[in-house]
Every structure is written in C-alpha cells, then in structure tokens.
Amino acid sequence: MGDLDSRSGTVMALPVLSMSPAGATARTLGDVFGQAEIRTVRLVALSVIWSASADEELAERLWQFGDKLVGLLPTTTRVLRLNVIVPSGERIDAKGLLDAVCNLNIVVSTEDRAREGAADLQIDTQEHFFAHAALACATVAGLWHDSENTAFDQLREDAGARGTTVLARPYARVVDASGIPDSLIQRMLNGGVSGLREFLGDERPISDDAVVTKVVEAFLPIEDGVLYYKDKQKPIAPMRQRVVRTTWEMAVRFYRFLWGRPLDWKRDLAQQLPESMKAWLFRVTRDEEDPFPLERPTTSEIIEIALRAPTEMPRVAPPYPQLWHPLRQMTFALMDGGPLPPEMQEQWGTTKPRVSDPARITPDPRAPFQLTVAEQDILKNAKLPHHNIRPGDSNAVNRFTARLARATETLKGSYAHASSEQRAKIRENLEILLSCREKVTAWAKEQASASSVFGKIGIHLNEEMDKASNALGRRRRDYAREEEERGKAVRELETLRDKAGKLLRPFALGWAGLVVLVVLGAVLLPLDGLSGRVVLAGALFTALGAAFIFGVFLWFALRASAIEHELDVIEHRRRATIAAVEEWPTEGQRLGALYEILLDWGEILGWMLYEPFGESREPGGVASIGGLVKPHAFQTGLLEPPSGQQMARLASTVARTLFTNGWLSRLYDVALSAVITDRDDPDVDGRAWVDPDYSPGPTRVEDLVDSDAEDDRITDGDAGHQAGPAHARDRLLRGVRGDTAPQATYSHIVARIKENLRTEPPSHLLSRIDLGTKEVGAAEFFSAVLPVPIDAMATTPLVPTLLSSQGKVDGSGRVAQVHLWGSVLGVEDSGVEPPSIPSVIVHTRLQRREDNVLLYFTLIRLDITDNCDEKSLDFLAEDE
C-alpha cells in the first residue's frame with residue numbers, strides 16, 4: 001500500500017477482498033466504488049498486540065493511502081480514519097501506537113464478559129485473543145449486517161478534534177434462524193402439495209372424479225387427435241361393373257382365343273408385398289384374433305416391431321411439442337390454481353378446476369413395483385424376465401399379470417406328472433408366483449392409475465395400441481385371404497378357358513356344317529323340293545346347335561367377366577391392404593412413443609407434485625460462525641422453530657405469499673434451468689437437446705435382434721438403456737430423480753421464504769433459543785446484552801487497561817455512551833427494550849437490504865468512554 005503512486009488508476013486497480021453475506025469476492029477497488037454511491041469510507045488501522053510490539057507504521061501508511069483516496073472520491077464522501085488498538089493485557093512497549101492524525105484512537109478493553117454484571121473471564125489464549133480482536137474490529141468498523149452506521153460516523157473532522165483517544169467494549173448476541181425455512185417447508189408440505197390448502201384457506205369442495213373425467217375428455221381431442229390410432233387403410237369404394245360391355249369384350253377375347261389368340265387374366269399385374277415386408281408381417285402376427293405371438297405387446301415391443309419392418313420410413317416419432325406443454329400446464333393448474341391452457345379454457349369458462357390430491361393427477365413416482373431377488377430368479381427360470389414396473393404403466397401391469405397367470409397354469413398342469421421331489425419345488429414356485437400376483441395387484445390398486453389424469457390417458461393410449469396391434473393382425477389375414485381369393489378366381493378362369501377350348505372343334509364344325517347345309521339346301525330346293533326341305537331342316541337343326549354352343553360361349557364370357565371384375569375388386573382391396581401395412585410401422589411407433597413419453601412426463605410431473613423440494617430435511621443447521629472460537633462477549637444460539645398456533649399462523653402467512661396461482665409452473669422453470677443449463681447456449685445444435693417438449697420418443701434401434709433371425713419374437717430386456725441422456729426430456733427426468741432439480745427448487749423456495757421472513761416482525765419468529773447446553777427464551781437471551789444503568793452512568797465501568805506504565809488509565813473507565821444495533825430492537829412484543837436514557841443510543845437501519853442470504857437475528861452493543869486525558873497515558877519509555 002505504501003508503494004502506490006499518486007496516479008488514480010493505480011489506486012483504483014488495488015486488489016481487495018469484497019466481503020458480503022454471500023461470501024468473499026476478489027475485486028478491484030474501482031469495482032467496489034463504482035457500483036453505488038458511497039457516503040462514508042472508514043479506514044481502520046487495526047493494531048493487535050499479543051506478545052510483541054505492534055507495527056507502528058501501519059497507521060501512517062493507511063493514512064497516506066486515505067489521502068490519495070480523498071483526491072479521487074466525490075467531495076460528498078467522508079473518509080474517517082480510525083486507529084483501533086487491541087491490547088492483550090500484558091505490559092508491553094506501546095509507545096507510538098496512539099496516532100495524532102487519525103480521527104480517533106480506540107483502545108479496546110481487555111475484559112471478556114458474557115453479559116452485563118457477569119465475571120470477567122479474561123483473555124487466556126492466543127486463539128481467544130484473536131477472536132476478541134475480530135469482534136472489536138467488526139463492531140467498531142460497522143461490519144455487522146445490521147449496522148449501517150457506526151458510533152463514530154458523526155466525529156468532527158477539524159484538525160483540533162483529531163488524535164483523541166477513547167476506550168471501547170463490544171458485546172454481540174446472534175441467533176441463527178436458518179432452520180426456520182426447513183421447518184416451514186415441512187410444516188406446509190407435510191401433507192404434500194395438496195396439504196397447502198390448509199394454509200391457503202382454500203376449503204372449497206372438490207369433486208375429483210368429475211374433474212378428472214372432464215379434463216381427460218377435453219384433453220384427448222387436442223392436436224387433431226394425435227392420441228388416437230389413425231387407420232391408414234382408406235375405405236374401399238364400390239366398383240361398378242358394366243355387364244353388357246364387359247361381357248361383349250370378354251366374348252371377343254374368347255372368340256380370338258378360339259382362333260389361337262392367347263387369353264391372359266392379368267396375372268402379372270397383381271400387386272404384391274415385397275418379400276421382406278411379407279416375411280416380417282407373417283412373422284410378427286398370426287392368423288388368430290390375438291395377432292401377436294405374446295399375450296399383449298408392451299409399448300417397447302410395439303415400437304421394436306415397427307422398427308423391424310424393412311421399409312424406408314422415419315424411425316423417430318414426432319415429439320408433438322404442442323401436446324406436452326398444455327398437459328403440463330393443465331396438471332399444475334389443477335393443483336396450484338394457475339391458468340388453464342387455451343386449448344381447454346373453453347371447456348371450463350370462468351371455472352377453475354381443482355383436485356384434492358396429486359394421486360388424482362399421476363401416481364407417486366417414488367414407489368415403483370419391485371420384486372425380491374428370489375422372486376426375480378423364479379421368474380427368470382420360468383422364462384418370465386421381469387424388470388421394475390414404472391408407476392402408472394398399466395400396459396406393463398396387464399402384461400405381467402397375464403404372464404404370471406399363464407406360468408401358474410403351466411406349473412399346475414405339470415404337477416400331476418411330477419415326482420415327489422419335483423412337486424415340492426413346484427409348490428414352492430407356485431407360492432412365489434401367487435405372491436407376485438398378489439403383490440402386483442396390490443401395488444396397482446395403490447397406484448390407482450385408473451382414477452388419475454395420466455392413468456386415464458395411458459389407458460386410452462393402451463386401447464389405441466390394442467387397435468393398432470389388432471389392425472396389423474387383420475392386415476395379415478386380409479392379405480392372406482385376398483391371396484387365396486385371387487388364386488381361386490384365377491383357377492376358375494383357367495377352368496373356363498379350358499372348357500372354352502374344348503368347345504373349339506364343335507363350334508367350328510357346327511358353323512362349317514351349317515354353311516354347307518344352307519348352300520346345299522339352296523341348290524336342291526328348286527330341283528327336288530323334298531330333298532331341299534330335308535337339307536334345310538338339317539341346316540336348321542345345325543343352326544340351333546351352333547346357337548346353343550354360342551350361348552354357352554356367351555355364358556362363359558359373362559362368367560369370366562364377372563370373375564375378372566371380382567379380381568379387380570380383390571386387387572383394389574389388396575392395394576389398400578398393402579398401403580396400410582406399409583404405413584403401420586410409423587403409426588405403431590408413433591403410438592408406442594407417445595405412451596413412453598407420457599410415462600416420462602407422468603414421472604417428471606409426479607416428482608414435482610410429490611416432492612417438489614426433494615426429500616424431507618431435518619430443520620436447522622448450525623450457523624457458519626457456530627463452530628468458530630468466540631469470545632464470551634459474543635454469544636450465539638440456534639432459534640427453535642415456533643410451534644403450535646404460532647407456527648400455523650406463520651406457515652399460513654408465508655404460504656399465502658409464496659404459493660400463489662401458478663407457483664408450480666414457476667417452480668418447474670427453476671428445475672428446468674438447473675438441469676438444462678445450456679438452454680440459451682447459441683452453440684447448442686438441436687432443440688430436442690435443450691427443450692423437453694421437443695424431445696422425440698424412444699427408438700430402441702440399438703436393441704433390435706438380427707433381422708435374419710428365425711424367431712423375431714420380442715422379449716423383455718433393458719431396451720432403450722443408454723449410458724448418457726438422449727435428449728432434454730431424458731436429462732430432465734434424470735434431474736428430478738436425482739439431486740439436481742430438488743436442490744435447485746429447495747434453494748429457490750428457501751430464498752423466497754427468507755425474503756418473506758425478513759418482512760415478518762421478529763416477534764412472529766422468535767421463540768426458544770438453543771444454546772447447546774440449555775434453552776432460554778429469546779427475550780432473556782437478547783436482554784442480557786442491554787445496559788443496566790448504575791446511578792448516573794449508562795452501565796458498569798470498563799476495567800482498567802494495562803496500556804500505561806501504571807497498568808491503567810486513570811478515570812477513563814467510565815462509560816459515556818452505549819451504542820446498540822440489531823434486528824430485534826424496536827420490535828413490539830419482543831421483550832427486548834433498551835433503557836430510555838440519553839447515553840444509550842439505538843441505531844436503526846436506514847433501509848432494508850435485499851442481498852441478505854442469511855437468516856439471523858442480532859443485537860450488537862459497543863460501550864465507549866469519554867476522551868482519555870493524554871497525561872494519564874504514561875507509556876513505557878523505549879529504554880525501559
């Protein structure tokens with residue numbers, strides 16, 4: 001500091017440690033002075049004297065720095081020079097410590113008392129002494145958070161007033177109230193989010209069933225019905241047949257066929273599924289009402305079946321961002337009274353729907369279905385691989401229950417043919433299987449998914465996936481039936497062609513004979529009437545035969561045209577079936593992905609509803625200063641949370657301020673920002689990585705079996721398991737399951753509670769103080785620091801100081817003023833009332849500080865004597 005030159009830039013570039021309730025920050029002096037207007041700068045030279053002479057040049061160097069600083073600061077800013085001397089009580093060489101240039105020399109009394117009138121416990125160790133010095137420095141310099149001014153800010157600055165000396169004695173009482181927010185959170189959220197109604201005064205009757213039903217009915221149709229299965233098979237329009245025209249055309253074709261022209265039934269024009277697609281269709285379906293090889297496919301199985309289809313189609317389902325935001329907003333609105341999404345507002349008008357319990361929205365995510373190791377081993381041996389079922393997954397519950405029932409019946413059927421040893425094992429396995437069935441049934445009942453919003457939507461999606469799976473089975477059967485019908489029609493046409501071929505010779509001979517007989521009859525009739533008439537009669541009979549053959553020919557043509565029309569109808573249906581089969585993978589994956597996304601959101605929002613601030617925490621914590629060595633004059637305690645009606649009143653007051661309409665939506669934003677810290681990072685590529693609403697559904701491509709495998713059945717497994725998050729929704733889900741989101745929301749709500757509590761009168765908070773060894777009342781704890789006037793004096797005198805050669809300052813121990821600071825002063829019903837005498841000065845805070853991240857109550861005291869007579873300060877000479 002003494003090496004600084006006179007240039008302003010060098011002074012303002014001085015590195016300093018900026019202290020605040022939030023901690024210490026390394027900054028420059030220019031940064032500190034440039035933030036806000038500063039009216040008073042206190043330069044404190046602290047001379048701590050333990051066992052050797054203090055630095056006598058410290059004050060001089062500090063004043064030189066102050067002179068440079070005065071030239072840089074506005075004229076409205078005062079610079080006070082305070083020279084604080086903290087002796088230890090031993091006789092030392094103290095010559096030169098008192099300064100004639102400073103505004104005031106302050107010598108700290110060597111006594112250490114816990115309270116007014118208590119014994120002086122003195123300063124016995126070096127660690128104790130340094131704590132005593134720190135208390136004195138913080139009190140003299142006004143470093144306490146509740147002391148915006150000091151006892152010396154009004155000192156005269158003229159030259160005649162400088163260099164005076166006083167003695168001082170500090171006291172401090174601090175109560176740590178950091179446990180109050182935890183206690184309030186536990187008290188307010190003891191009954192979950194729904195328990196807040198008690199403190200918010202919302203006792204309106206709620207019809208949960210009616211609200212849930214209406215909400216689901218209003219939600220399902222949004223986004224053009226994306227939650228419904230959309231059958232891609234177009235309706236088949238009836239095909240009109242022009243009988244006369246098609247029959248005549250077919251007769252011409254038959255006539256040409258009779259004369260050697262080929263007759264083709266459009267065999268090469270028949271549309272077929274690609275062989276790979278056909279193999280996939282017949283492998284994953286069967287020709288029965290239940291189209292799948294397994295009882296009921298899970299959503300992951302439907303997705304994987306769709307992904308196995310050898311078609312060039314999208315492999316990621318659309319994220320539908322306009323679907324999940326309204327769902328989330330609606331979920332929170334049912335619990336916190338926030339605004340409904342516009343898509344649903346018309347259904348309710350001015351009414352604000354509410355439900356009484358988060359269970360009516362989504363099942364508790366903290367309770368997944370789990371089996372013991374023994375139960376899992378039995379299921380594995382029974383070829384029933386099982387993994388924990390996620391809350392709300394009714395699809396997996398139904399699937400698992402059906403598998404257990406089948407396995408139970410299989411074991412029962414094998415019991416009659418088993419040996420006695422095998423029967424004992426079978427009975428043991430049956431007991432475990434029955435236990436599993438009872439356990440999953442009881443768990444599903446506790447989940448009550450069928451009565452919740454997410455549960456009903458999930459059941460709806462299950463039904464739509466059933467429609468999709470059944471539709472694929474129908475496509476398989478339709479395709480097989482159409483193939484059979486086409487083959488039958490072609491065979492019938494082939495039969496007609498064969499029969500028509502057999503009529504070729506009779507038809508030709510008949511027409512040729514008819515011509516011959518007609519010509520012969522025409523020749524013989526004039527010559528021999530009888531012979532001519534006979535010939536003409538033969539010609540007539542020949543004509544009738546030819547006409548009959550021609551009629552048969554026309555019937556063949558009519559029948560063939562009808563069958564060919566039927567072929568056209570079959571081909572028309574086949575094209576529709578093929579188109580629907582080719583479109584099914586996209587639709588199946590879309591529905592399966594929607595269900596998986598719904599489960600993710602149900603769990604995410606479930607954590608926000610059941611544990612919005614993480615697991616319950618034990619109230620309280622020791623203040624950061626609680627573990628430090630402190631002088632007896634500095635007492636700390638832990639505030640016990642209020643109880644009974646006082647706590648209920650406080651919780652109600654805080655709840656009405658914090659948990660206003662829409663508070664869950666605001667808390668979700670806090671959790672989202674904590675988990676996805678790169679939301680606003682311009683370098684992030686892809687919105688799905690930073691916005692959960694845009695995250696796609698699962699693909700599970702990495703878990704597909706070899707496409708050439710003979711058995712393409714789906715089995716349970718760790719499908720979709722990934723080492724790292726795949727997208728923003730996955731990141732958020734991991735965040736709410738872990739500590740990231742709960743810690744952020746907890747810190748947020750604690751900060752808000754602290755802000756609210758700072759506006760509350762301390763009398764609403766102060767109760768019992770835990771001192772570690774005993775509990776005392778708040779009034780008793782703080783009143784111990786208040787002065788007790790004796791005669792005309794403000795309080796008891798200071799002990800003689802050992803700064804002089806005689807070991808005392810004669811007549812200077814008399815206290816002239818007692819200065820008090822603290823958040824408990826001037827508070828009604830606090831029981832802390834300082835004496836109303838002129839020598840006791842109570843300092844009130846000029847303004848509320850918003851940067852306070854601590855929550856504590858203080859009472860600070862500083863006793864000051866009159867100016868000491870210089871003649872009575874008989875210091876030891878240098879040569880003594």
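About 120 Å³ of space lies in the largest cavity, one of 5 cavities of 30 Å³ or more in the structure. The model is predicted: local features need pLDDT of at least 70, side-chain atom pairs count only at pLDDT 80 or more, and totals for chains, interfaces and linings use all residues. Residues are numbered from 1 along each chain as its sequence is written, and side-chain values use heavy atoms, with hydrogens and water left out.

**Stop 1: the largest cavity**

Select Thr 362, Pro 363, Pro 365, Pro 391, Gly 392, Phe 454, Gly 455, Leu 598, Leu 599, Gly 602 and Glu 603, which line the largest cavity. A cavity here is a set of points, on a 1 Å grid over the protein atoms alone, where a 1.4 Å probe fits but cannot get out; lining residues have an atom within 4 Å of a point. Grid points are joined across faces, edges and corners, and the volume is the space filled by probe spheres set on the points. Which helix gives the most to this lining? It is α19, with 4 residues. Both α17 (453–502) and α19 (529–610) supply at least two lining residues. Helices (H or I, at least four residues) and strands (E, at least two) are DSSP runs, numbered from the N terminus.

**Stop 2: aromatic pairs**

A search of the whole structure finds 8 aromatic pairs. Rings of Phe, Tyr and Trp (its six-membered ring) pair if their centres lie within 6.5 Å; planes under 30 degrees apart count as stacked, over 60 as edge-to-face and the rest as tilted. Select Phe 332 and Tyr 668: this pair is tilted, at 6.1 Å centre to centre with 50° between the planes. Phe 332 belongs to helix α12 (residues 321–336) and Tyr 668 to helix α21 (residues 663–675), so the pair ties together parts that are 336 residues apart in sequence. Phe 332 and Tyr 668 are buried, where buried means under 20% relative accessible area, exposed over 50% and partly exposed in between (1.4 Å probe, protein chains only).

Next, select Phe 369 and Phe 400. Their ring centres are 6.0 Å apart and their planes stand at 55°, so this pair is tilted. Phe 369 lies in the loop between α13 (342–348) and α14 (373–381), and Phe 400 lies in helix α15 (residues 394–415), so the pair ties together parts 31 residues apart in sequence. Phe 369 is buried at a relative accessible area of 1%; Phe 400 is buried at 6%.

**Stop 3: charges over rings**

Select Arg 173 with Phe 781; the charged end of Arg 173 sits over the ring of Phe 781, 4.9 Å from its centre. Then take Lys 214, whose charged end sits over the ring of Trp 348, 4.3 Å from its centre. The criterion is NZ of Lys or CZ of Arg within 6 Å of the ring centre and within 35 degrees of the ring normal.

**Stop 4: helix α22**

In helix α22 (residues 728–737), 8 of the 10 residues are buried. Among them are Arg 729, Asp 730 and Arg 731.

**Stop 5: helix α8**

Most residues other than glycine have a negative phi. Glu 223, in helix α8 (residues 222–225), has a positive phi of about 60° and is partly exposed at 31% relative accessibility. Asp 224 is also in helix α8; its phi is positive, about 55°, and at 74% relative accessibility Asp 224 counts as exposed.

**Zooming out**

The chain has 24 helices and 12 strands. Of its 880 residues, 47% are buried.

Note on methods: On a 1 Å grid over the protein atoms alone, a cavity is a set of points where a 1.4 Å probe fits but cannot get out, and a pocket is an open set with protein on both sides within 12 Å along at least five of seven lines; lining residues have an atom within 4 Å of a point.
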